[in-house]
Amino acid sequence: MHPPRSPSPSPASSLVYSTDSGRMCPQCRQPMAQCACNTAAVVSVSADGIVRVSRETKGRAGKGVTLVKGLGLEGDALTTLAKALKATCGSGGTVKDGVVEVQGDHCDKVIAWLAAKGWKVKRAGG
């Protein structure tokens with residue numbers, strides 16, 4: 001017979017996702033929305049202030065996504081911008097770790113939209 005499991009995670013536990021709470025902070029082990037150690041505030045900001053737009057298929061079963069990095073926004077502002085980009089492209093997407101992901105190859109549309117809104121934009125990755 002197995003010994004009973006302890007209700008709290010061991011210090012070596014590396015829980016990163018919970019079906020109840022979603023993404024978990026690796027340091028304080030709280031849901032990202034309730035994280036108190038400021039790891040949720042880590043935002044992708046390029047040192048030169050330029051937003052970089054690229055296309056990536058790695059790890060996505062050949063499906064391409066458009067990545068927008070270096071916006072320097074966080075929280076609701078980043079979510080609102082992502083929603084506007086997805087509507088402009090007529091596609092789905094998400095925000096992960098300060099990077100906006102738009103499903104499909106929409107680099108040209110995203111670059112044109114961001115440039116029209118006053119962002120300094122470059123295409124990255126070829």
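This is a predicted model: local features need pLDDT of at least 70, side-chain atom pairs count only at pLDDT 80 or more; totals for chains, interfaces and linings use all residues.
In strand S6, for instance, valine 99 is the bridge partner of lysine 96. The two strands concerned, S5 (residues 93-96) and S6, are joined over four bridges and pair in the antiparallel sense.

The protein chain has 126 residues, of which 27% are buried, and it holds two helices and seven strands. Read from the N terminus, these elements follow one another as β-β-β-β-α-β-β-α-β. Among the contacts in the chain with a separation of 6 or more, 43% are made by residues 24 or more positions apart. The chain exposes about 8400 Å², and carbon and sulfur atoms supply 52% of that area.

Strands of a sheet pair through backbone hydrogen bonds, either parallel or antiparallel. Here, five strands form an open sheet in the order S5-S6-S4-S3-S7, and the pairing is mixed. Strands S5 and S7 (121-123) stand at the edges, and because each has a single partner strand, one side of each is left without a neighbour in the sheet. From one strand to the next, the twist averages 20 degrees. The parallel sense is found between S3 and S7, which pair over three bridges, and arginine 52 has lysine 122 in S7 as its bridge partner. By contrast, S4 and S6 run antiparallel and are joined by four bridges.

Returning to the hairpin of S5 and S6, we find two residues between the strands, and there aspartate 97 takes a positive phi near 55 degrees. Most residues other than glycine have a negative phi. Aspartate 97 has its positive value although it is not a glycine. This residue lies in the loop between S5 and S6, and it counts as exposed because its relative accessible area is 51%, where the cut-off for exposed is over 50%. Strand S6 itself, on the other hand, is mostly covered, since four of its five residues are buried.

What does threonine 66 stand opposite in S6? Its place there is across from valine 102, while threonine 66 itself lies in strand S4, which spans residues 65-69. Threonine 66 counts as buried because its relative accessibility is 0%, and the cut-off for buried is under 20%. Its side chain reaches the backbone nitrogen of histidine 106 at a distance of 2.9 Å. Beyond its neighbours within four places in sequence, threonine 66 is in contact with several residues, among them Val53, Val100, Val102, His106 and Val110.

The helices can now be set against this sheet. Helix H1 lies across S4, S5 and S6 and runs at about 20 degrees to S6, whereas helix H2 lies across S3, S4 and S7 and runs at about 165 degrees to S3. Within helix H1 we find alanine 87, which counts as exposed because its relative accessibility is 61%. Alanine 87 is 15 residues from valine 102 in sequence, and the C-alpha atoms of the two are 9.9 Å apart in space.

In soluble globular proteins, nonpolar side chains tend to be buried together. The largest nonpolar core of this model has 16 residues, and those that touch the most other members are Val53, Val68, Leu71, Leu85, Val100, Val110 and Leu114. Two or more residues of this core come from each of strand S3 (51-56), helix H1 (76-89), strand S6 (99-103) and helix H2 (107-116). Helix H1 gives the most to the core, with five residues.

Note on methods. Residues are numbered from 1 along each chain as its sequence is written. Side-chain values use heavy atoms; hydrogens and water are left out. Buried means under 20% relative accessible area, exposed over 50%, partly exposed in between (1.4 Å probe, protein chains only). A polar contact is a pair of N or O atoms within 3.5 Å; within protein, one must be able to donate a hydrogen and the other to accept it, and residues adjacent in sequence count only if both atoms are side-chain atoms. Contact means heavy atoms within 4.5 Å. A nonpolar core is a set of buried Ala, Val, Leu, Ile, Met, Phe, Trp, Tyr and Cys residues joined through side-chain atoms within 4.5 Å. Two strands pair if DSSP finds at least two bridges between them. Accessible areas come from the Shrake-Rupley method with a 1.4 Å probe; for residues, only the protein chains shown count as cover. Axes are lines fitted to C-alpha atoms, for helices over the stretch in contact, and angles run from 0 to 180 degrees between N-to-C directions.
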